[in-house]
Amino acid sequence: MFMISSINPTIKAFAVLIPGILLGFTFDVFTPLVYFIFILLVTFTLTDIPVIKWMKIFSPFLLVALGFAWMTTLYANQTFSYGDVLFSLWGIEVTTGSILTGISLAFRSLCFVALSLLFALTTDSTKFMLSLMQQCKLPPKITYGVLAGYRFLPIFQHELQILRQAHRIRGIGRTRGIKGRLNQFRRYSIPLLANGIRKAERVAIAMESKGFTGDTDRTHYHKMTVEKKDWLFFAMIVGTFVVVVGMSYYFGYLNIFGKQF
Amino acid sequence: MTNQWKLKEIVLMSILGVVFGVIYLLFFLVGQGIRNILVPFGLAPFGYEIIFGVWFIVSIIAAYILRKPGVAFTAEVIAAVVEVLLGSAAGPALILTGIIQGAAAELVFALTKWKDYRLRILILSGMSAALISFVWNLYSSGNIALAPGLLIAMLIVRLISGALLAGVLGKWISDQLAKTGVLRGYALGKELQKKRETGAA
């Protein structure tokens, strides 16, 4: 089999995006749960992401998903609070339906996170931009403009440090209260942005003086290609989603916008 | 569309995208923090709504500075792409959200034929992004399952947030930047220059 890091980034992005969007239709527990297990299987067999690293990034979202499930359970509307009343809390009646909807939404958001991680942890950012330019016909002006801006990120960190030191050496300490905070925000953000804008101008001039015209009719040093394995990956991720929905329908779990099928 | 833009305007958009992409990511944590504070009061659903306007700000700033068609949309999408490039848990779905929010903000500027950049238009643009992103969240985060009363309250909070944090704050930041003089080569800086000259004469 192939490793996911070798898949064309654009194809990978669409493969991850489509099930993510379509999951929005389902409100039963079965569909997102089974698909979530499938994504986990893919993550741990077809990538070399260390499990510990994955857990570290993923675990905070468990809490977020739980909070979201709880909120939906409490505030579900009539369509989604079908079934018997299980208990009531602060005058809000909690039914089987509202609990199931809550759990479903929690698993849905976990699916989103797992799909996003599958993409983010296996994709090189430069290759992603190059692929967007070569496969999605994104104008080179924008592609290289974004890549140039993106490279400034470490410089911004460095500049923030310099700003801080410059403030300290002039005896401007930390301020308290909302007004002080606002002042502090302005003292850091405006110079940082102003420097960034100066750099943007300089980079643009440098690019143009070296012959960058933004012409779409250009050659590429790194050629991004779409091969059979890319489509295989696409078919696997999207196809499994279709199969899971089919299974869900077959077993009678499928629920779309509160309507049981 | 891209032929009307100078390269320096595109790099400016991407620099704004980089800066606000980082801020956007940080605000997910801020939202979670506010939410945790609001939980005991039973107001948890409003945690993110209060600060939601921040996520439209780059559209307003870029459009207000550059004043060209498509800028509000592109700047927001670039910020979303940068969030993905930063390689946290943000996936391609975030780009889709950026496309929707950017298009919603652009819509208001398009209605003025990209000629009017007064505060009220900027506020309307922020509110338009708030409204359309809210409709998208009804579907994407399953908010449609929530009680109608709660949804209306959430929408109102998000609209106010879009008006203030995107519209008003976005204009304020841009005006502060223009005062430093770095925007002299862009539409906003040129307008400021013109005002000064007529004021002096």
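Visitor: What radius of gyration does chain A have, when a compact globule of 261 residues would have one near 18 Å?
Guide: This is a predicted model, and its chain A can be set beside the globule rule for 261 residues, which gives a value near 18 Å. The C-alpha atoms of chain A fill a box of roughly 70 × 60 × 35 Å along the principal axes.

Visitor: How does chain B stand beside the globule rule, and what is its radius of gyration?
Guide: Chain B is built from eight helices and zero strands, and its C-alpha trace spans about 60 × 35 × 30 Å along the principal axes. For 201 residues the globule rule gives 17 Å, and chain B lies close to that, so chain B is as compact as a globular protein of that length, with a radius of gyration of 17 Å.

Visitor: Which pattern of helices and strands does chain A follow along its sequence?
Guide: Chain A has nine helices and four strands. Among its contacts between residues at least 6 apart in sequence, 78% join residues at least 24 apart.

Visitor: What percentage of the residues of chain B count as buried?
Guide: A residue counts as buried if 20 or more other C-beta atoms lie within 10 Å of its own. By that cut-off, 36% of the 261 residues of chain A are buried. For the 201 residues of chain B, the buried part is 54%.

Visitor: Which element gives the largest share of the side of chain A that touches chain B?
Guide: The contact between the chains takes 55 residues from chain A and 42 residues from chain B. Several helices of chain A give two or more residues to this side, including H1 (9-22), H3 (51-75) and H8 (177-209). The largest share, 14 residues, comes from H8(A).

Visitor: How many nonpolar residues are on the side of chain A that touches chain B?
Guide: Sorted by class, that side of chain A holds seven charged and 12 polar residues, and its nonpolar residues number 36.

Visitor: How are H8(A) and H1(B) oriented to each other?
Guide: The axes of H8(A) and H1(B), the latter covering residues 7-38 of chain B, come within 8 Å and cross at roughly 140°. The crossing is right-handed. Angles over 145 degrees would count as roughly antiparallel, and H8(A) and H1(B) are therefore oblique.

Visitor: How many charged residues are in the contact of H8(A) with H1(B)?
Guide: Among the residues that make this contact are Leu193(A), Lys199(A), Glu201(A) and Glu208(A) of H8(A), together with Lys8(B) and Ile15(B) of H1(B). By class, the contact has 11 nonpolar residues and one polar residue, while the charged residues number four.

Visitor: Which residues of H7(B) meet H8(A)?
Guide: H8(A) packs against H7(B), residues 148-180 of chain B, at an angle of about 60° with the axes 10 Å apart. That angle makes H8(A) oblique to H7(B), and H8(A) passes H7(B) in a right-handed crossing. From H8(A), the residues Arg186(A), Ile190(A), Leu193(A) and Ala194(A) take part, and in H7(B) they meet Gln176(B), Leu177(B) and Thr180(B).

Conventions
Residues are numbered from 1 along each chain as its sequence is written. Chains are lettered from A and ligands numbered from 1 in the order in which they are written. This is a predicted model: local features need pLDDT of at least 70, side-chain atom pairs count only at pLDDT 80 or more; totals for chains, interfaces and linings use all residues. Two residues are in contact if their C-beta atoms, placed from the backbone, lie within 7 Å. Ala, Val, Leu, Ile, Met, Phe, Trp, Tyr, Cys and Pro count as nonpolar, Asp, Glu, Lys and Arg as charged, and the others, Gly among them, as polar. Axes are lines fitted to C-alpha atoms, for helices over the stretch in contact, and angles run from 0 to 180 degrees between N-to-C directions. Angles under 35 degrees count as roughly parallel, over 145 as roughly antiparallel, 65 to 115 as roughly perpendicular and the rest as oblique. A crossing is left-handed if the near helix is turned anticlockwise from the far one by less than a right angle, and right-handed if clockwise. The radius of gyration is taken over C-alpha atoms; the globule rule is 2.2 Å times the number of residues to the power 0.38. A residue is buried if 20 or more other C-beta atoms lie within 10 Å of its own, exposed if 12 or fewer, and partly exposed in between; C-beta atoms are placed from the backbone.
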